[in-house]
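Colleague: I want to learn how to read helix packing and domain contacts in a model. Walk me through one case.

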Amino acid sequence: MDKKIVYSGIQPSGSLTIGNYIGALSNFSELQEEYQCLYCVVDMHAITVQQDPAQLRKNTLDILALYLACGLDPEKSIIYIQSHVPQHTQLSWVLNTITSIGQLNRMTQFKDKAEKQKEIYAGLLNYPVLMAADILLYQTSLVPVGEDQRQHIELTRDIAERFNSRYSPTFEIPEIMAPKVGARVMSLQNPKAKMSKSDPDENGYILILDDPDTIRRKIKRSVTDSEGVIAYRDEQPGLKNLIEMYCAFKKTTPEEVVEEFKDQGYGALKEAVAEAVVEGLAPVQERFREIRGDKEGLEKIYQDGALRAQKMANKTLRKVYKKIGFIPFSS
Ligand code: TYM
């Protein structure tokens, strides 16, 4: 039997944080044996907020190199750039015709982003429909993402179900796959807000490519509380966040971390977290530097990935067009 499909994407809209790493990227490579995985750099999503063209090009290649640095193998996974596969926008148009504006208006990410724009463009509102097209084009079963994408995956399921019931079963209904700990890494300065690359306070986030001293400094300065007790609970959100970061890098559980540090102060825990992050990121950073320098190697990978993705995407798109009633065209 064919392997089930895993699909995920990351926007090249800035440097990636350890939130992106813990919530998504670090979980990608282990899925490669059991599933047919597709990992995309979603450049068309990134332009829903204004991007500098040179920076967008750089960020796109950075993410491709990070995919490889985190262990993605182009022999196993399909690694490609979204704008190289036109079927995404083609399916997205069709899905737009069965998605209600009310539902799009309720998306929390849309609301958050719209608040920050002077003028709200249609692309920002339709963002989740393009995301649904990404996922549904490949008959995806599982989508490894952080918790912030749950609402988008639910919308994707709704859209798929609507199409399937209006025409006939066409799309696989995908499921979210979020990590047990670290599905929502919080800001180091405000542990009630998600860690994000768009945070104006750079002490709030750690970038995957931050150097060791910067990582240590940011963790040392992170906001905790005045309880003075090491515990894993919602009432101590700063500490909870640090414990989850430690768990993600050390592959351990919050209970074990509390047990290990219960007789120590916050300073000792922070130092241990910093060392875990520095150690965990070192090999990724080293491989990134090697891979990022090899422009031709990268180009071969994304070209080959796009061709393989197009083949799969075309199959679904042709089915969709036929069911809708479009006249087939063969070139
Ligand atoms: P993006 O580029 O914002 O984020 C990439 C991935 O990182 C996760 N993430 C986090 N996880 C835990 N804690 C955080 N603080 C944190 N911040 C970000 C995100 O959940 C995501 O998994 N819409 C997607 C991109 C996308 C996509 C898709 C994903 C487009 N098409 C199809 C899956 C399938 C996004 O904005 O990711």
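Colleague: How are H4 and H7 oriented to each other?

Modeller: Some ground rules come before that. This is a predicted model, where local features need pLDDT of at least 70, side-chain atom pairs count only at pLDDT 80 or more, and totals for chains, interfaces and linings use all residues. Residues are numbered from 1 along each chain as its sequence is written, and side-chain values use heavy atoms, with hydrogens and water left out.

Modeller: Now the general idea. Two packed helices are described by the angle between their axes and the distance between the axes. Axes are lines fitted to C-alpha atoms, for helices over the stretch in contact, and angles run from 0 to 180 degrees between N-to-C directions. Helices are DSSP runs (H or I, at least four residues), numbered from the N terminus.

Modeller: Helix H4 (residues 87–96) packs on helix H7 (residues 122–136) at about 120°, with axes 8 Å apart. H4 and H7 are therefore oblique to each other. Under 35 degrees counts as roughly parallel, over 145 as roughly antiparallel, 65 to 115 as roughly perpendicular, and the rest as oblique.

Colleague: In which hand does H3 cross H12?

Modeller: A crossing is left-handed if the near helix is turned anticlockwise from the far one by less than a right angle, and right-handed if clockwise. The axes of helix H3 (residues 53–69) and helix H12 (residues 266–292) cross at roughly 125° and come within 8 Å. That makes H3 oblique to H12. Their crossing is right-handed. H10 passes H12 in a left-handed crossing.

Colleague: What residue classes make up the contact of H10 with H12?

Modeller: Contact means heavy atoms within 4.5 Å. Ala, Val, Leu, Ile, Met, Phe, Trp, Tyr, Cys and Pro count as nonpolar, Asp, Glu, Lys and Arg as charged, and the others, Gly among them, as polar. Helix H10 (residues 237–250) packs on H12 at about 35°, axes 9 Å apart. The contact has 13 nonpolar, 1 polar and 3 charged residues. Tyr-246 and Phe-249 are among the H10 residues in it.

Colleague: What area is buried between domain 1 and domain 2?

Modeller: Domain bounds come from an automatic or database domain assignment. Here they give domain 1 (5–182 + 295–324) and domain 2 (202–289). Buried area is the accessible area (1.4 Å probe) that two parts lose on being put together, summed over both. The two domains bury about 1,400 Å², with 79% from carbon and sulfur atoms. Ile-18, Ala-69 and Val-181 supply 40% of the area that domain 1 buries against domain 2.

Note on methods. Helices (H or I, at least four residues) and strands (E, at least two) are DSSP runs, numbered from the N terminus.
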